[in-house]
Amino acid sequence: MTHRIGVFICHCGINIAQNVDVEALTEYASHLDGVIVSKNYKYMCSDAGANVIKDAIKEHKLDRVVIASCSPRMHEHTFRDVVRDGGVNPYCLEIANIREQCSWAHTDKEQATEKAKALVRSAVAKAKLMEPLSTSTIPVIPEALVIGGGIAGIQASLDLANDGFKVYLVEREPTIGGRMAQLDKTFPTLDCASCILTPKMMEAANHANIELFTYADIAKIEGSIGNYTVQIKKKPRYVDIKKCTGCGDCAQACRLKGRVSNEFDLGLGKRGAAYLAFPQAVPLKYTIDSKHCLFLTRGKCGDTPACKEACLQQAINFDQKEEIITKKVGAIIVATGYDLLDPSAIYEYGYATSADVITSLEMERLISSSGPTKGEILRPSDQKKPKSITFILCVGSRDETQCTWCCRIGCMSALKHVYLLREKLGEDVEINVCYTDIRSYGKGYEEFYRKVRGLKTNMFRGRPSEVRNISGQLTLDIFDTMTSKLFEVTTDLVVLVPAIVPRFDATAFARILHLTQSGDGFLLEAHPKLRPMDTFVNGMFIAGCCQGPKDIQDTVSQASGAASRAAIILSKKELEIDPLIASVDEEICTGCGICIEVCPYDARSLNEKTRVALVNDALCAGCGGCIAACPSNASVHKNFTKKQILNMVDETL
Amino acid sequence: MMHHMILNVKDGDVSGSVNEMLKHLLSSAGIEALLVPQAVPSKKTVFPVLISDPKKLHADVFAPVLPVSTAAMVSRMTKVQPSSQPFGVVMHPCQIRALFELAKLNQVKLDNVVIIGVDCLGTFSVNTYASFPEKQNPTLFLLESFVKKTNDSEKYLRTACSVCTDMVPSNADIVIGLYGMDVEHEILIEAHTEKGKKLLEHLQLETGKDVNHRETAVKTVHEHQLKKYQMFIKEKSGLKGIALFAEFFDTCVNCHNCKTACPICYCRECLYESAVFDAEAYKFLRKAQTKGLLKMPQDTLLFHLGRMNHMILSCVKCGLCEQACPNNILLMDMFIPAAERTQKEFSYHPGKDVAEKIPMIVYREDEYKEVGEK
């Protein structure tokens, strides 16, 4: 059967037209075998351009459409809708990319035009073989999983819950709150972090639509958009959270009280084996640390465990076991946060060897009134007030040997610390800041920077070569590139502002979820500009620093954005599935099973009876892995068949 | 799991003694049938014959010829579903390797299959065997050459056999061993698996006899063959670049016999025989116009590249493709060095262990870093 093909060529303003002779191309296309009509227009993606296509479809009774324009990644969706409106099956559309692959890539107009002709020729060749496809639908479970209970996860959960969707919020620590809970104040407005975070934590915990799983991991995720099955692994906290009132008697009684390093204070403070991470923890339930607890590690803690004796509610339960809970959800938001680079990797700054070289997050805990020093600034080595404090910014950030990227919060957090330290310590204390560039790009940030500069702050533009520790005295050489002078600074306390890095287990976690990482290890968004919260797995979204470094403002915005993206799915009863996926030629398949093993989405299986491989349409992402792996032509990508592609190749050779 | 016995050879009739033992197995060991190499009536060759009646068993297990892949025959029998009844297969080591590759690809189900491997002394081409010039039965000639250590048989061996380094089927359930044995009097019968051991319990064979000299003999012949193999690789590795590749296949008539003979080529319909490559006349004409000429058929090289791409990691170097070529293209000259290199890249040993996964389905984070992202 011969098809009636229309070719539509876009000028893209001058983007295409300046390097490709669109008139000549239109004329050329009109003579190609099967082409009934060929037209060009200034902006094919505009309403008027869409009408050019729709009118031509009607007038010439077209059943296949070729559009020569920008990359299909840009406007394939737009044009599918246009041809559908025009009355042609949306999958009988082929796009020839004559912008990115042609006009933008070449300067010689004559040659670029020839190449554009070849691209159009090959698109027409494919169009002749394209099949009309129809979408199928799957039902949607109107519930969501949010992984990570930091500010991003809390915000996303609240938004979805307030939209009326059931949310399962999973946090691996015993409390939600995340990094923000460790902060004292937030830049540039100096809001108290707890004062703005705690109400949100409470709201999330008490919300009728949010079910909280703290001290829990994601064991397994199966399924696809609209219908994921999630296994949540609840770790035993050895405290019955239904009975625990959060009174703290167990922590008071614990024989290890004050002897276990407190991770919430980054080791600057101490706790017991029975503990609460911080006073505002949500849920306000104690946890027994199985790595340290005498009873759990040695099987003996006095005659009876002290905590058990102290607890009037009889909430302590050493028989608790790991528990797997299975939930079904329609969408997933990943908000797993970040780690800080361990600055001992940059050994010349002496983080591992000098007690008085600390990180900015440790400084945060020192400043915090609920921190280990109750907000007093005391050097770790001798608990004395420092007379000189030096900040080193970009520790590992913007550094080819460590992390090439900018941490985006280091400058502002250091400036905030300077401001708060001046407030606490007065004018007499010397404060030095060694910076690379001050990046104060946010709303009110530059104004804050100016304010801090005025606070007798010594600003050095440069990175110190090393921090020397000579019997407890810290000295560093800093070449200031603003004045071209070398300074020797002697100081009491050095604060390193380390790079923001992906979570230590980001790769393993990404694998559980089938998510992709960018080269830096952070989770990769589907498109940096147009789909920043989407991932390559349909129905999974990312928010906050798991995607890349960002401040609280951006994190919250992104979390709300991700929630809104998820709500688009959850609010539908049924979802359409893209038909551009794998299928199997049952006559040819011999059941070798290679496709099953190579599929990253668990979409392939084998019918043992017929010995033919199957495709789960809902799981298949159309990546084409199985098609490449299949030695015969049994695995077929719909509308990307070998025959179609060879036809295209034939036309270009 | 090693359990060895000695089969005493009666009157110097090596093949006959083994045949008697197989008869015994077939009639008393609870197996339904044996798939054995047995001469066709004209005696021009042997074929795998599935025998259920012990009276009809005249196996020639040492016959130096391999007209079709035994592994492919087992695939025919078991790929639809595993056999519910036990049967035995007498195989050359290369065919056991092929069998294991097919099992990994789900084209063979090994349930209820007892693999009886034969120490291989090499095979001749089908033509050589059929018109054997020495006016003697080729099997007797081969065994005599082995016993007398004359190397007389060497000049008749197929290339694949003359450089083969895996002549001992150590991955079989039962091994019929020749190397290191005084074969005019004794043959080694060795169980390598529990399955094999159970079967051998039905035979009243001599056990407990010392066969330490076998190990040394196997080692010696292996080292000897390895040297030949390495020399062959060195000699044939020069085939690089598309021009030499094209020249290599100059006489190929695109008959695809190599594909049909290959034990592992398992597709139901070969891509290169499908409608994918059908094209309209104007495309042929345009291609001719581009260069002024077009050699027909045009997809010969693509077929060989595709076949190599699909098969090279699983290639067990049996040489059946080369034997099948009507125009004597020396396929082993290309396939052995290519298989050696690619299999080494993935530290893969095709057919050695049925549990070793084929590289295509194994994900290793550290491999080919220079190709992917950092």
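Trainee: Among contacts in chain B between residues at least 6 apart in sequence, what percentage join residues at least 24 apart?
Mentor: Happy to start there, with a predicted model in view. Two residues are in contact if their C-beta atoms, placed from the backbone, lie within 7 Å. For chain B pairs at least 6 apart in sequence, the share that joins residues at least 24 apart is 76%.

Trainee: How are residues and chains labelled, and what pLDDT do local features need?
Mentor: Residues count from 1 along each chain as its sequence is written, while chains are lettered from A and ligands numbered from 1 in the order in which they are written. In this predicted model side-chain atom pairs count only at pLDDT 80 or more, totals for chains, interfaces and linings use all residues, and local features need pLDDT of at least 70.

Trainee: What pLDDT does chain B average?
Mentor: pLDDT is the predictor's confidence in each residue, from 0 to 100. In chain B, 99% of the residues score at least 70, and the average is 93.

Trainee: How many strands does chain A have?
Mentor: Helices (H or I, at least four residues) and strands (E, at least two) are DSSP runs, numbered from the N terminus. Chain B has 14 helices and eight strands. Chain A has 18 helices, and its strand count is 34.

Trainee: What share of chain A is buried?
Mentor: A residue is buried if 20 or more other C-beta atoms lie within 10 Å of its own, exposed if 12 or fewer, and partly exposed in between, with C-beta atoms placed from the backbone. For chain B the buried share is 38% of 374 residues. For the 653 residues of chain A, it is 46%.

Trainee: Why is helix α11(A) largely enclosed, and what do its buried residues pack against?
Mentor: Seven of the eight residues of α11(A) (360-367) are buried, so the rest of the structure largely encloses this helix. Glu362(A), Met363(A) and Leu366(A) are among those buried. The packing partners in chain A are β20 (357-359), α12 (410-425) and β27 (493-498).

Trainee: Which element gives the most to the side of chain A that touches chain B?
Mentor: The contact takes 17 residues from chain A and 17 residues from chain B. On the chain A side, α16 (594-598) and α18 (642-652) each supply at least two residues. With four residues, the top contributor is α18(A).

Trainee: What ipTM does the predictor give the complex?
Mentor: There are two scores to read here. The pTM is 0.74, and the ipTM is 0.89.
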